[in-house]
Amino acid sequence: MKSPIYNGLMKYISKRRVRFSSPGHKGKVKMSTDNMGRLDTGVSGETDEILNPYSFLKKSEEEIAGMFGADKSFYLTAGIEGGIFAVLSAICKAGDKIIVDPECDKAVINAITVLALIPVFIKRSYNSKYNLSGGIDTEELEYLTERHRDAKAVFISSPTYTGVCANIRKAAEIAHGKKMLLIVDESLGAHFNFSKLFPDTALECGADVVFHSCSQTLGAFSGSGLLHLATDYISEDALREQLSIYQGGSDSFAFLCATENAIWYAFRNEKKFAPLLREIEHGKYLINRTTDVLWFDAEYNNGANIDKVDAMRIVLNFSKVDIKACDVYKILINKYGIEPEGVDCDNLIFSVSLYNTPTEVRRLINACVSIAKLASPKITLEDAEPPVNRRKVVKVLPYKAFNCEGEWVELSNSSGRLCRRLIYKSPNGTPIIVPGEKINQEHITKIADILNYGGSVSGLDSLNRVEVLSLGDSFYM
């Protein structure tokens with residue numbers, strides 16, 4: 001009998017590509033044992049319990065809290081998704097408001113839907129030059145917290161999938177001034193803690209709750225994460241009670257050991273970041289000075305409230321040349337054996353971690369320069385002013401929309417209808433349309449563009465139709 005999963009993965013691994021994609025270990029996990037099975041023990045009086053740690057697991061969480069500057073830290077074994085559900089369950093009840101960043105992970109929308117919360121969306125700025133979302137306008141945040149003073153928390157994602165960092169320090173000041181918690185999904189910035197060369201961490205900037213993925217930019221396995229508390233508003237007992245609901249109690253100690261190992265490895269190898277960053281900076285100089293490709297950075301703010309970006313997140317924009325980002329993606333994989341993190345209409349995204357080497361970064365830059373020099377610049381008009389992003393507004397609360405009857409319609413015929421389910425871009429999980437939101441032409445165009453360049457959109461059916469609320473459903477009429 002064949003083993004389809006194993007054989008499929010071995011076929012992929014045999015290509016031996018240089019990975020600038022997640023997970024951060026790039027297939028080079030550094031463990032002190034090559035027999036993970038020995039570590040996969042059951043719970044006994046000589047081990048520990050993840051839902052009620054009292055021995056070495058508790059000690060590990062205490063040391064991690066000290067390392068990250070948190071009051072309490074918790075291992076997450078169901079990804080940050082389980083942590084997001086647990087935290088929102090601990091601080092909110094049905095009908096409570098939460099101010100939400102539209103660049104959030106889909107898990108935030110799912111939690112809002114399941115827990116019957118009321119979302120109030122922040123209006124993010126937009127960088128037209130690079131065709132990506134910018135930072136968070138703190139004046140906008142001030143306005144929302146004043147208008148919705150009954151909101152329980154502000155939930156922000158920083159850095160975003162394209163590396164944009166929010167002004168967390170100012171956001172914390174605004175939220176705390178209105179007696180709200182500041183929750184930050186810093187999943188893609190877990191490495192910030194391990195070098196002063198990176199932006200300040202969310203915990204350093206005053207966030208109350210912070211999530212970290214230990215697989216995206218560190219060296220743990222996919223699905224591993226950390227939850228940090230820096231507030232006494234949520235008790236440890238209350239949070240562990242919720243975690244027991246959302247992540248179960250039969251977690252593998254081998255998995256936990258790999259997560260702990262990845263954190264300690266980053267802590268011991270801070271010196272590896274500096275040569276990587278030097279190579280990245282040199283690559284930015286080469287790309288911007290010798291080609292018409294644009295290397296996204298904070299200095300090219302273009303009025304989008306971008307203060308800092310994560311230098312380990314390389315974003316190359318191909319909007320000014322006659323070659324598409326999706327075509328460059330294929331060339332890098334097939335000709336150069338280099339695997340990017342992701343691609344959208346105009347941008348290629350690369351995720352660098354301390355498991356990459358300066359030589360690999362140099363190989364990436366040389367390949368991109370070679371491809372870019374074969375392209376010709378487009379004849380374009382002057383850059384347009386950054387468009388004003390619409391604020392995401394739900395016409396029907398997500399939990400109501402999700403519990404309505406639905407019907408599938410062609411995407412092109414869905415304008416003006418209310419979406420029943422979450423639609424998001426894969427694999428980054430950023431929502432495009434949330435349950436209860438009215439579909440407009442911008443949504444349709446965005447989804448069509450993603451599908452046209454070969455991208456993946458989740459929430460559509462196999463015919464790329466969208467599910468809308470049935471017109472006959474009196475639940476929301």
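## Sheet β20-β19-β21

An open sheet is built from 3 strands in the order β20-β19-β21, with antiparallel pairing. Its edges are β20 (430-433) and β21 (456-458), each of which has a single partner strand, so one side of each lacks a neighbour in the sheet. From one strand to the next the twist averages 40°. Helix α13 (residues 441-452) packs on this sheet and touches β19, β20 and β21; the direction of α13 makes about 125° with that of β20. Axes here are lines fitted to C-alpha atoms, for helices over the stretch in contact, and angles run from 0 to 180 degrees between N-to-C directions.

Strand β19 (residues 423-426) is joined to β21 by 3 bridges, the two running antiparallel; Tyr424 stands opposite Ser458 in β21. Strands β19 and β20 are also antiparallel and joined by 3 bridges, with Ile423 opposite Ile433 in β20. These two strands form a hairpin with 3 residues between them, and Gly429 in the turn has a positive phi of about 80°. Two strands count as paired if DSSP finds at least two bridges between them.

## Basis of the model

The model is predicted: local features need pLDDT of at least 70, side-chain atom pairs count only at pLDDT 80 or more, and totals for chains, interfaces and linings use all residues. Residues are numbered from 1 along each chain as its sequence is written, and side-chain values use heavy atoms, with hydrogens and water left out.

Helices (H or I, at least four residues) and strands (E, at least two) are DSSP runs, numbered from the N terminus.

## Hairpin β5-β6

Strands β5 (residues 124-127) and β6 (residues 132-136) pair in the antiparallel sense over 3 bridges. Arg124 stands opposite Ile136 in β6. The hairpin formed by β5 and β6 has 4 residues between the strands, and Asn131 in its turn has a positive phi of about 55°.

## Helix α5

Helix α5 (residues 138-147) has Glu140, Leu141, Leu144 and Thr145 buried. Viewed down the axis of α5, the buried residues fall within an arc of 130°, so they line one face of the helix; the arc is that of the directions from the helix axis to the C-beta atoms. An α-helix has 3.6 residues a turn, so residues three or four places apart point the same way. Glu139 and Arg147, on the other side of α5, are exposed. Buried means under 20% relative accessible area, exposed over 50%, and partly exposed in between (1.4 Å probe, protein chains only).

The buried residues of α5 pack against β3 (97-100), β4 (118-121), β7 (153-157) and α6 (168-177). At the N-terminal end, Asp137 caps α5, with a side-chain oxygen 2.9 Å from the backbone nitrogen of Glu139.

## Gln242 in helix α7

Gln242 lies in helix α7 (residues 236-246). With 15% relative accessibility, Gln242 counts as buried. Apart from its neighbours within four places in sequence, Gln242 is in contact (heavy atoms within 4.5 Å) with Ala86, Ser89 and Ala90.

## Cysteines

A search of the whole structure finds 0 disulfides, a disulfide being a pair of cysteine sulfur atoms within 2.5 Å. Cys205 is in no disulfide; its nearest cysteine sulfur is that of Cys165, 9.5 Å away. Cys205 counts as buried at 13% relative accessibility. Cys368 is buried as well, with a relative accessible area of 4%.

Notes
Polar contact = N/O pair within 3.5 Å; in protein donor to acceptor, adjacent residues only side chain to side chain.
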